[in-house]
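Reader: I'm new to reading protein models and I'd like a close look at just one part. Could you pick a helix and walk me through it, then show me a few other spots for context?

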Amino acid sequence: MADTSSDGSLPEPLQRPAFLVGAERSGTTLLRLMLDHHPKVSWLSEFGFAVDPIGLGIRDREAYVEDVRNSALFICAELELREFLEPDACVIDFLRQFWEQERSPVVGATCHRHFDELLRLWPDARFVHIVRDPRDVARSRMKLGWSGHIWQAADPWLDAELLWEQFAPKLADDRKHELIFERLVSEPEAELTRLAAFLGVDYDPAMLSYPDDTTYEAVNAKLAGQWKGKMSDRDLQLIDQKLGSWLDRYGYERHEPGRDASTGPSKLKLFQFRVKDKVGVVGNEIKKYGWRPMLAKGVGRRLRIAPLHRWAHEQINARHRELIQ
């Protein structure tokens, strides 16, 4: 179990960890690399493998272990799954294992969904919320094949922002830090200085040295607003309809500021969007992983055939590791 002090409490970094929250494709990987290159900070890249099952209501220990074991993110994290622990204890133990590798003064992890569960497990945790123009987020998801229609591609961004809106008021001001991606890439030193102070450390130039040992290029203001000229007018109109008030809230200009976006797509259109999205996502997964593993995954899950489901995940995870190497 975790190292403890003489009074039985966890070490300070594990009592007050920091979590980076926000939608996928919002710049969380870039910011995580910056944080992890600080000499006094250690940052676990993705924590969804530990938190998502709990957020989805999986409380049974065996079911939780099965879900985590099948996660490619867990395999990439190279942590030990202690099957005798209950799910909540597993989550805490994963972060402890990661912290023990370097024992930095500050330890953190990235979480895109269900991050309200983290406050329950770490009542004194701190949170860094990053937000990016949802058009860039949605466009990126489409490009990666994670979504098959722009309407659905905006959903994860909206889900993350709705959860943050509900969650943030529970945190004292000194336990939450909000950061706009576009400001980060245009004024990195100023934004990272503010963030470092929030975490209780000084800014270090090493935070911008990540291109030396990663595939990411140096931070550049051109990373902002990549959707311009690359999305159709129709897709931009749909984002205005779906997220217009959110664009206003974060200071992002709407595509057609004077256009009335109060009337959304019809029920028939929404159905068509869902079908196109599903077909696009499934088609991309079959292209990446092959039809046999994907079929086995679906049949194994639906009919609750654990060995078949496990085999499918093994094949998918093996292919996933090939793709990210």
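Author: Here is a look at one helix, followed by some spots elsewhere in the chain.

Before we start, keep in mind that this is a predicted model. Let's go to helix α12, which covers residues 188–199. That makes 12 residues, and the distance from the first C-alpha to the last is 16 Å. At 1.5 Å a residue you'd expect 16 Å, so the helix is close to the expected span.

Now, which residues of α12 are buried? They are Pro 188, Glu 191, Leu 192, Leu 195, Ala 196, Phe 198 and Leu 199. Look down the axis of α12 and you'll see these buried residues fall within an arc of 155°, so they line one face of the helix. What comes after α12? The helix is followed by Gly 200, and the phi of Gly 200 is positive, near 85°.

As background, most residues other than glycine have a negative phi. Arg 103 is not a glycine, yet its phi is positive, about 55°. You'll find Arg 103 in the loop between α6 and β3, and with 44% relative accessibility it counts as partly exposed. Arg 304 also isn't a glycine, and its phi is positive too, near 55°. Arg 304 sits in the loop between α15 and α16, where it is exposed, with a relative accessible area of 78%.

Arg 32 belongs to helix α2, residues 28–36. Is Arg 32 buried or exposed? Its relative accessibility is 18%, and buried means under 20%, so Arg 32 counts as buried. For another pair, take Phe 84 and Glu 217: they are 133 residues apart along the chain, and 42 Å separates their C-alpha atoms. Phe 84 lies in the loop between α5 and α6 and is exposed, with a relative accessible area of 56%.

What about cysteines? A search of the whole structure turns up 0 disulfides. Cys 90 is in none, and the nearest cysteine sulfur to its own, that of Cys 111, is 16 Å away.

The structure has 1 cavity of 30 Å³ or more. The largest cavity holds about 30 Å³ of space, and it is lined by Glu 46, Gly 48, Asp 52, Leu 73, His 112 and Arg 113. Sorted by class, that lining has 1 nonpolar, 2 polar and 3 charged residues. The second largest pocket has a volume of about 180 Å³. Its lining includes Asp 133, Arg 135, Trp 227 and His 255, and by class it has 3 nonpolar, 2 polar and 6 charged residues.

Definitions and conventions
Residues are numbered from 1 along each chain as its sequence is written. This is a predicted model: local features need pLDDT of at least 70, side-chain atom pairs count only at pLDDT 80 or more; totals for chains, interfaces and linings use all residues. Side-chain values use heavy atoms; hydrogens and water are left out. A disulfide is a pair of cysteine sulfur atoms within 2.5 Å. Helices (H or I, at least four residues) and strands (E, at least two) are DSSP runs, numbered from the N terminus. Buried means under 20% relative accessible area, exposed over 50%, partly exposed in between (1.4 Å probe, protein chains only). The arc is that of the directions from the helix axis to the C-beta atoms. On a 1 Å grid over the protein atoms alone, a cavity is a set of points where a 1.4 Å probe fits but cannot get out, and a pocket is an open set with protein on both sides within 12 Å along at least five of seven lines; lining residues have an atom within 4 Å of a point. Grid points are joined across faces, edges and corners, and a volume is the space filled by probe spheres set on the points. Ala, Val, Leu, Ile, Met, Phe, Trp, Tyr, Cys and Pro count as nonpolar, Asp, Glu, Lys and Arg as charged, and the others, Gly among them, as polar.
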